[in-house]
Amino acid sequence: MKRLVLLRHAKSDWDDRTLPDHDRPLALRGRLAAPLMGAWLVEMDLAPDHIALSSSVRTRETWARLRPLLPTPPEPAIEPSLYEATPETVLDVIRALPETARTALLIGHNPGLETLASLLSARSIAMPTAAACVFELSDRWVDASPEAVRLAAFEAPKTLV
């Protein structure tokens with residue numbers, strides 16, 4: 001069984017309007033939410049053995065804040081294509097995951113993650129910042145599709161506090 005965790009980055013800071021979108025850091029709320037989600041991943045036995053994340057500052061900071069809670073965090077693969085990715089691009093990244101990975105964590109952005117989660121689960125899923133959708137598939141990453149995955153869990157920081 002393979003498990004895929006789609007995690008939207010934590011809440012970003014909009015105080016400095018001169019920063020390009022790619023360079024926005026986390027807001028205080030995001031800095032608090034990311035570790036909550038890291039603890040949830042561990043509690044749910046979803047500690048990843050493979051990480052792929054967007055190149056944006058807020059996704060890298062989300063990872064940096066949840067990483068210390070994981071028992072043996074792997075080095076992340078920075079995937080520039082996950083920044084402003086369409087659902088199809090996110091699915092391409094999933095299908096290219098190493099087959100040795102059993103639990104993969106992708107940290108990215110809306111609307112791509114939310115739309116893909118809705119397509120994979122065949123229902124409307126809203127993904128607020130730092131929310132996670134967990135999918136299970138019994139075959140290879142390359143075969144990931146709506147027919148091959150099952151929504152196993154959904155969590156958002158708001159329900160953890």
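Analyst: A residue counts as buried here if its relative accessible area is under 20%. The model is a predicted one. With that cut-off, 6 of the 6 residues of β4 are buried, so this strand is largely enclosed by the rest of the structure.

The two faces of β4 can be taken in turn. In a regular strand the side chains alternate between the two faces of the sheet. In β4, Thr103, Leu105 and Ile107 lie on one side, Ala104, Leu106 and Gly108 lie on the other, and all of them are buried.

Next come the neighbours within the sheet. Strands of a sheet pair through backbone hydrogen bonds, either parallel or antiparallel. This sheet is open and has 6 strands, in the order β3-β2-β4-β1-β5-β6, with mixed pairing. The edges are taken by β3 (77-78) and β6 (149-155), each with a single partner strand, so one side of each has no neighbour in the sheet. β4 stands between β2 and β1 in that order. It runs parallel to β1, and 6 bridges join the two; Leu7 is the residue opposite Ile107 of β4. β2 (residues 50-53) is also parallel to β4, with 4 bridges between them, and His50 has Ala104 of β4 as its bridge partner. An antiparallel pair is found elsewhere in the sheet, where 6 bridges join β5 (residues 132-137) to β6.

A helix also covers this region. α4 (residues 112-121) lies across β1, β4, β5 and β6, at about 145° to β1. Of the 10 residues of α4, 7 are buried, including Leu113, Leu116 and Leu120. The buried residues of α4 pack against β4, as well as against β1, α3 (87-95), β5 and β6.

In soluble globular proteins, nonpolar side chains tend to be buried together. The largest such core in this model has 27 residues, and Leu106 is among those with the most contacts inside it, along with Leu4, Leu6, Val90, Ile94, Phe135 and Trp141. β4 is one of the elements that give two or more residues to this core, the others being β1, α3, α4 and β5. Apart from it lies another core of 21 residues, among them Val5, Ile51, Leu66 and Ala130.

In short, β4 is a strand with both faces covered, joined by parallel pairing to β1 and to β2.

Definitions and conventions
Residues are numbered from 1 along each chain as its sequence is written. This is a predicted model: local features need pLDDT of at least 70, side-chain atom pairs count only at pLDDT 80 or more; totals for chains, interfaces and linings use all residues. Side-chain values use heavy atoms; hydrogens and water are left out. Two strands pair if DSSP finds at least two bridges between them. Contact means heavy atoms within 4.5 Å. Axes are lines fitted to C-alpha atoms, for helices over the stretch in contact, and angles run from 0 to 180 degrees between N-to-C directions. Buried means under 20% relative accessible area, exposed over 50%, partly exposed in between (1.4 Å probe, protein chains only). A nonpolar core is a set of buried Ala, Val, Leu, Ile, Met, Phe, Trp, Tyr and Cys residues joined through side-chain atoms within 4.5 Å.
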